Amino acid sequence: MINTLYNLTAKGLLKALSFLLATALFATILLNSTAFSQYFGGRIPYLAILAFYGMAILWIHGIGFEIRTTLWKAVFLPIVGYLIVLPSLWILLNK
């Protein structure tokens, strides 16, 4: 099941989307660090770690690194990265 979910996102356009979303989140954190620290580090500091985890997933996927073992595919599943990064970007860009 993990291999099937991972292979759903193994397309070139989704890898480019992953790279662009990771870059956008990085740039937003870098340029808007005060908002990031208020909304992600203030009340629940684990949200900042979660945002960095999602960004790392999308960087790995976007660069094109191919993961072979099922355990690491489950840890770095791009769908999870999308579910973390998209709301993070939405919060940072709308506040």
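This is a predicted model: local features need pLDDT of at least 70, side-chain atom pairs count only at pLDDT 80 or more; totals for chains, interfaces and linings use all residues.
Let me start with the annotation. The UniProt entry, which is unreviewed, places the feature "transmembrane region" at residues 12-32, 44-65 and 71-93. In the model, residues 12-32 are 95% helix and 0% strand, with the end C-alpha atoms 30 Å apart. For residues 71-93 the figures are 91% helix and 0% strand, and there the end C-alpha atoms are 33 Å apart.

Now the aromatic rings. Searching the whole structure gives 4 aromatic pairs. One of them is F19 with W59, an edge-to-face pair with 5.3 Å from centre to centre and 85° between the planes. W59, like its partner, is a residue to check for accessibility. W59 has 26% relative accessibility, so W59 counts as partly exposed.

Another pair is W72 with F76, and this one is stacked, at 6.1 Å centre to centre with 20° between the planes. The angle counts as stacked because it is under 30 degrees. W72 is at 46% relative accessibility and therefore counts as partly exposed.

Last, the phenylalanines. F36, F40 and F52 come together as one aromatic cluster. That is what I have on the rings.

Key:
Residues are numbered from 1 along each chain as its sequence is written. Side-chain values use heavy atoms; hydrogens and water are left out. UniProt positions are given in the numbering used here, feature names are shortened, and annotations may be inferred rather than shown by experiment. Helices (H or I, at least four residues) and strands (E, at least two) are DSSP runs, numbered from the N terminus. Rings of Phe, Tyr and Trp (its six-membered ring) pair if their centres lie within 6.5 Å; planes under 30 degrees apart count as stacked, over 60 as edge-to-face and the rest as tilted. Buried means under 20% relative accessible area, exposed over 50%, partly exposed in between (1.4 Å probe, protein chains only).
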